[in-house]
Amino acid sequence: VKIATTLLTLLLPSAALASQIHVVPFSPTSATPIEVHYLSSCRARTHSIARDGREIVITALDPQCPAVLPIPIVEKVKLPEVLPIGVYHVTIQEVGGMDFAVRNAGPKPFELHPSAMYPNDGLPVRMSGVRCGKADCSDVTVRVENEPVAITVGDDGAIWFTAPDHEQGLVDVTVQKADFVTISPGALYYFGRQDYLAAYEPILFPVLFAADGAYGSRWRAEATVSNPAPWTVHADYTLHNIGPCIQDCDPPFEPKSFEKFLGAAYPRGTVLWAPRSEASHLAVALRIRDVSRQEVGYGTEVPVVRERDFVHGSNIHLLDVPLDPRYRVKVRIYMIEPVLAPSTGGAVRIRRGTEVLELPFTLTHRQVFAIEPYYAEVDLPQGVAGERVNLDISMPLDAIGWAFASVTNNETQQVTIIAPQ
Amino acid sequence: VRRVVWRCFAVCLFFAAPLLAQDGRITLDPPAPTSLTPIDAHVFVLCGEKSHTVTRVGNVIKIHVEPGVQVELCDPPVPYLVRVSIGTLPVGEYRIEVTVGALDSIPASRAFVVRDAAQRDFEIHPFAVPTNPFGLRLHLSSTHDAEVDRVFVGDVEISQANLTRENGAYTFPAPTRGRGLVDVRIVPKAGDSVTLPGALYYYDFGAPIDNSVFERILFPVLFQGAGAHGSQWVSEAAIANPQPWAVETVNHVFPFVCIFYPCGERLDPEFFISFSGHGYPHGIALIAPRAEADGLSFSLRVRDTARSAEGYGTQVPVVREGQMFRNTDLTLLDIPIDPRYRTKLRMYAFDYGEHGAYVTIDRAGSAPSESFFVPVRRTCDFNLCEAIPWYGELDLPSGNVDERVNVYVTIGDADSPAWAFASITNNETQQVTIVTADGEGGRP
């Protein structure tokens, strides 16, 4: 059962993210403008948008469809208003539909961690910001959608309760103290598997491996994750280098914990999916180091890529990359599970004077571990001494992508990372 | 306790100064509002808040804060953040004026711009245009390749002779105008005319920078100089504008011999420059229009040219405003204090003051935490001060062989954007490793 559960967890992101429609941002709030993206083979002149309560209908007007060989495009439709808290259904006429939740961006009378969970997770939830009159908070009643829940009080005075089972959707939480009731609208989000990206934020560790390289080098990656918060973070990840796993493969990040992960088998990178309400609290770091020459230096920091650092549907630019034959340069390209992308191809373009060199790549995926990103790598050709170029990396349609170049000195094995900035 | 005492000290210094009358004391969330985003104003007052009111008269938003205690009893002064919900505003230029208690004067005020966020059939770039554009070409494109007959910028019609079609888009020189937002009206060859409300923002170089229009992009080190053990350090930087329209920045950060304006501020389409930075060992920001900043690309490396045969240097992040930290401690994990390395912590904050930073070194149970107060300063001339961060640095004390620590930095206050990194230099090889701040959770 545990093996099945583990595999299911690992496969969840890919199963959940494949869709013809999605909203941007993935987790909209009552303060964020929303854009609906969908795949089409026709370019509409414009769109009509009708909203009736929680139902939104988008219709493409005067679509121009090529007569032969339709080429998929991504249509992007801005909603004309920010939406109040709630769960909505958007329908694209003749394409399909999807549900999405709009969460509260306004002031909250109390904080809940975690604030998103599967319907039957039964996770412990920490509530802070409530002042109790009694040490055991017996003067306070907490209700999850009008149903009182049993509470306990932590050492720091915070209230804890177990999230009751609930069907998918947003749920109000209220706190009553004597006759005074405070309400936090949509404070808990019970999400389904199809809403994975709305509830979890991808944090990419681009390389996490231990391997021997050229010229006697022995590369080791060292990742660190710190959870300074006083609550547990239930993330989906596979950073531990534990091989086949039966039980407690990747345990939650305990409160006020600091963990190191050494050289797991992810040369193509791995994604830590953190609950969105907790992701910004986690601190992360990653370094690669040639331990055969560890007296030479402390290694090279590799950026850990948070969602805000990914490009979404645009090209990636890497500047001032050397083609000098003293170095070997490898470009690594990543894509989070295709949200819309029907193809997985792209190209690295290098302009050298008037000539443009195009190096195509195909992003591939090891299906067993869906928690790995789609990945491709391109070795740049050698140029003349001192030559530097800019790279223009085109990605699949509307891809959530990232890339970096590693520049390795052939003699000293010193590595320089060139990441998009 | 030391932390609290220090914070109180810094805060008292900060608020004892007559800074409340300056523009920067009111911040916006989001920092660059649009016609679709609800706006919160963050107003920093002393002595707490009993209540506040918001009234809007035309384009002036008046916020009155009733302090929680009488001002004369407010000793020591404690800063208090009042979050004022303004709601959604139509496209336009606005001014917030804040009054506190019984004072008739306006203790704080600031201007801001609300941009259009509606989906339109046409787009025009760049958004920010100097009042005297000196040939800056605007780029007008249509989502469906519509042909354009006439274009008006405000009430000025662009002559047909100046309207050029390139790669499906139209370009034309921006007309000279006075400061402020202006609509652009497009008359297509087929169909009705389209108005883009507040499509361009004309700004005056001499006027204070509007932070709702421009953002600061930090280059943490731009310098050349000799270091220890015969090292010769150089910052190698690059800037590219891959967009098909020009971007006009408020300042420039690369060496430029200027005879006529624009003096390096204009980044033409497909612009690229690589340069050896110098003169800013404590960092400088490129002040770029927010609407175009995301499309710019950067690169920055530090390199010991005395050992250039050994490597290509070390990348130092160029930090956009959205990557800086606000109202939270900065965390740097797994920093070596091994005596084979020298480790320097560099800290930056904008909209701050000469208050200092507070650094805690957490030795992970092997020894008690150590705390340091680090003064932060900046040196700038009047025009460039917006671009110069408040800066402090600390050489971490050496520990045991292979010892690593976590470092927490308290810098900045009242929504000021802050950032930090540690440079770890091998004493023999001069190889540099950079560790940057990550995470908003602060110290466990």
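A disulfide is taken here as a pair of cysteine sulfur atoms within 2.5 Å. In the predicted model described below, 3 disulfides are found over all chains.

One of these joins Cys42(A) and Cys65(A), whose sulfur atoms lie 2.0 Å apart, and the link is right-handed, with 110° about the S-S bond. The two cysteines belong to distant parts of the chain and are separated by 23 residues: Cys42(A) sits in the loop between strand 2 (35–40) and strand 3 (46–52) of chain A, while Cys65(A) sits in the loop between strand 4 (55–61) and strand 5 (73–78) of chain A. With a relative accessible area of 17%, Cys42(A) is buried, whereas Cys65(A), with a relative accessible area of 44%, is partly exposed.

A further disulfide of chain A is formed by Cys132(A) and Cys137(A), with the sulfur atoms 1.8 Å apart. The torsion about the S-S bond of Cys132(A) and Cys137(A) is about 90°, and the disulfide is therefore right-handed. Cys132(A) counts as partly exposed at 24% relative accessibility, while Cys137(A), at 2% relative accessibility, counts as buried.

In chain B, Cys380(B) and Cys385(B) form a disulfide in which the sulfur atoms are 2.0 Å apart. This disulfide is right-handed because the torsion about the S-S bond of Cys380(B) and Cys385(B) is about 90°. At 27% relative accessibility Cys380(B) counts as partly exposed; Cys385(B), by contrast, has 16% relative accessibility, and since buried means under 20% relative accessible area, Cys385(B) counts as buried.

The contact between the two chains was examined next. Chain A contributes 55 residues to this contact and chain B contributes 61 residues, and the area buried between chain A and chain B is about 4,700 Å², with carbon and sulfur atoms giving 46% of that area. Of the area that chain A buries against chain B, 18% is supplied by Tyr298(A), Leu319(A) and Gln421(A), which is more than any other three residues supply.

Polar and charged groups also meet across the interface of chain A and chain B, where 7 salt bridges are found and where 24 residue pairs, both members at pLDDT 80 or more, are in polar contact. When sorted by class, the residues on the side of chain A that touches chain B comprise 22 nonpolar, 16 polar and 17 charged residues. A salt bridge is formed by the side chains of Arg388(A) and Glu236(B), with a distance of 3.3 Å from N to O.

Definitions and conventions: Residues are numbered from 1 along each chain as its sequence is written. Chains are lettered from A and ligands numbered from 1 in the order in which they are written. This is a predicted model: local features need pLDDT of at least 70, side-chain atom pairs count only at pLDDT 80 or more; totals for chains, interfaces and linings use all residues. Side-chain values use heavy atoms; hydrogens and water are left out. Contact means heavy atoms within 4.5 Å. Buried area is the accessible area (1.4 Å probe) that two parts lose on being put together, summed over both. A salt bridge is a side-chain nitrogen of Lys or Arg within 4 Å of a carboxyl oxygen of Asp or Glu. A polar contact is a pair of N or O atoms within 3.5 Å; within protein, one must be able to donate a hydrogen and the other to accept it, and residues adjacent in sequence count only if both atoms are side-chain atoms. Ala, Val, Leu, Ile, Met, Phe, Trp, Tyr, Cys and Pro count as nonpolar, Asp, Glu, Lys and Arg as charged, and the others, Gly among them, as polar. Helices (H or I, at least four residues) and strands (E, at least two) are DSSP runs, numbered from the N terminus. Buried means under 20% relative accessible area, exposed over 50%, partly exposed in between (1.4 Å probe, protein chains only).
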